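Student: I would like a close look at a single part of this model, followed through in one connected answer.

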Amino acid sequence: MRKILVVEDDPAILANTVRVLRLEGFEVHSARNGREGLEQVRAIKPELVLCDIRMPEMDGDELLDALRADPATASMPVIFATASAEISGRAERMARGASDYLIKPYDFKTLLSTTRRLLS
Amino acid sequence: MVGFRADELIGQPYGLCVPEGVIPAQDRFLAAALADSSKIPDEWRIKRRDGSSFDALVSFRPVSQKNGHRFIVVTFTDITERKSFQNELARLIADLEDRVRARTSALEESERKYRSIVDSTQEGFWLVGGWGRALEVNQALCDLLGRSAAELKDIPPDEMCAEPYRGNVRSRLYPRPRKGHGQFEIELTHRDGHNIPVLINTVTHVNDQDEPEFGSAFITDMTRRKQLECSLEQALSERKAVLHSSLVGIAFIRDRHYVWTNKAFEQNMLGYEPGELIGQSSLVAYPSPKLFEDLGPHINRSLIDTGMFEIEERVRRKDGQLVWCLISGRMVDRSDLSKGSIWTIVDISKRKATEVELLESLAREKEASELKSRFVSMTSHEFRTPLAAIMSSTELLSDYGERLPVDEKNELVEVIKTSVRRMTQMLEDILVIGKADAGRLDFQPAPIALDDLLSRIIKDVRRTTQTSHPIHLENLLSGRTLRLDPRLLTHILQNLLINAIKYSPEESPVELHVEGSADLIRFVVTDRGIGIPSEDRVTLFTSFHRGSNVGNIAGTGLGLAIVKKAVDLHGGRIAVDSELGRGTRFVITFPEGRG
């Protein structure tokens, strides 16, 4: 099973995302902020990270920087999923090393196709 | 005498010693000498043996002998010395005559010059003898007084004066006991009767015995000068009137001290008494002694380099009040700072106030615009999160519904409901603040059962935030009915509780304490959260403002603005006590309000 980590501080969104990915056959782990996310990455070594940006303690940008700085995770696909709809946000994150950028609310079809594309 | 021995001369013709031509031939000489010796010159030039000669006085005496022979005895006297004296005398006399001639000519020249000066001068001239008799006048004086020289010599000078000056002239123009000079201004009367202002310079001349001999006076027509003085005085007084009536303050400063100021500056702008500033250091009008020290070199440099200096600065009034002024200085003489500078001072306090107001209003506008764009981005974010929860729940129910157990389906429905409530709450906040800003938020007090309202609020807060924080309620007014606006009180407590939960770590308790006394009710909400930085306290209750330490915690910046407006509508007070990293306590106090 392909291993995915979902990092999200909103409990409902986190639960629903985990649910749908599991129903689609992925092994899904979750974290509620960047710091927890980084610990999970190191512990379970996922193949892809789906990550919110605005989170307490450590945000998505900091988590991405940490992953890209570590050779072990430098090329790990990271999908940002955010409620920030600023036009500059996407380009900025892609330049920073994000693999894709989804704006909430997104549909599962988009999430699943993006995930599968990055894992294939 | 002639250098011969007597025997050598005897028998010799007398022509040996007497030059030829001096006397007639021998025969005739004798005849002449015997007849009338006066026809023979009595001074001869006698030749000496060595060829030199000398002058001699010659006298003859005929002698007759009894035998009828006649002789002439001639005697010679050497008169060389006498002759030399005579010549010297003649030279001296000639010399004397020359000198007398020269002196006479010099005197004539001097007299001519004197006349020329007296006649050609533009000033009138009067030479006055004893008893006030005019000895001499010139043409200029005649022209000045419209009279002939003869008339002026007839009339004593004091009678030419305007009445009030006559005594003056007598005592000063007429020869005085002491030699000396004098200068005075009087008025002389023209033949046609009009008075002429004149300046008289007098000199008393004395003789060898130091007795006054005559007085001379030069008279300068002062009519033109008097007219100029008058017009100058007029111009000066006009200028003074203009300067004093000017609304602009004007000051003349030398060596950083006031020499002159106008009324506008001294009295109106600075509040001093007339003349009080004169002689004072300009320090008195500076806002501070430090500025006086600091600005001095700049002013001097600018005045020397460009001839002027300009600044907008506050000026200190006598009562200590500071007034914004535009101050411009110019040097009186660009090449010499010591001659002082002229300053104009314009009160620009109104303009400054308008500027400040304008800047503040611009800043407010800018801030409002920034806040609004932040609000738009914030609310967009805040709406997208519950929308994402609703969307994902709906998709799960519709696409995976048959594979989900019933309790999970129920949970998804609950997520949808909670998210809708969150969005509704946000919309409600926006509407409330919009109404409050427009002054349309109504205060509608009604009797409320406090216990019911509090439990409903806490339940809603729990549902909206899906919190894990324990909310401790301590209601000392349990069972009471209060007269408050239930809708506004809900806004107040919901927002304070939601904030307490949002800004404190999970699981940390949030407390709501309610108490009351005879005439007030107090609600206290306490958390152990991140606290509010002191620099954010000023804008704590301003719409769209959020604390600088909120980080990624979601929020619209409307909650506390709504709380404040709702408390104000109740006539209540709100107090906040907060420590960074330790927690915050809000205390809301309402007056009376019993149902």
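How many salt bridges does the rule find across the interface of chain B and chain A?

Tutor: The rule finds four salt bridges across the interface of chain B and chain A, a salt bridge being a side-chain nitrogen of Lys or Arg within 4 Å of a carboxyl oxygen of Asp or Glu. This is a predicted model, in which local features need pLDDT of at least 70 and side-chain atom pairs count only at pLDDT 80 or more, whereas totals for chains, interfaces and linings use all residues. Residues are numbered from 1 along each chain as its sequence is written, chains are lettered from A and ligands numbered from 1 in the order in which they are written, and side-chain values use heavy atoms, with hydrogens and water left out.

Glu411(B) forms a salt bridge with Arg19(A), and their closest N and O atoms are 2.9 Å apart. In the interface as a whole, 27 residues of chain B are in contact with 26 residues of chain A, where contact means heavy atoms within 4.5 Å. The two chains, B and A, bury about 2200 Å² between them, 55% of it on carbon and sulfur atoms; buried area here is the accessible area (1.4 Å probe) that two parts lose on being put together, summed over both.

Helices (H or I, at least four residues) and strands (E, at least two) are DSSP runs, numbered from the N terminus. Helix 5 of chain A, residues 108-119, has twelve residues and reaches 16 Å from its first C-alpha to its last, close to the 16 Å expected at 1.5 Å a residue, the expected span being 1.5 Å times one less than the number of residues. Its buried residues are Phe108(A), Leu111(A), Leu112(A), Thr114(A), Thr115(A) and Leu119(A), buried meaning under 20% relative accessible area (1.4 Å probe, protein chains only). Seen down the axis of helix 5 of chain A, these buried residues fall within an arc of 165 degrees, so they line one face of the helix; the arc is that of the directions from the helix axis to the C-beta atoms. The buried residues of helix 5 of chain A pack against strand 1 (3-7), helix 1 (11-23), strand 3 (48-51), strand 4 (78-82) and strand 5 (100-103) of chain A, together with helix 10 (349-400) of chain B.

Note on methods:
Buried < 20%, exposed > 50% of the residue type's maximum accessible area, 1.4 Å probe, protein only.
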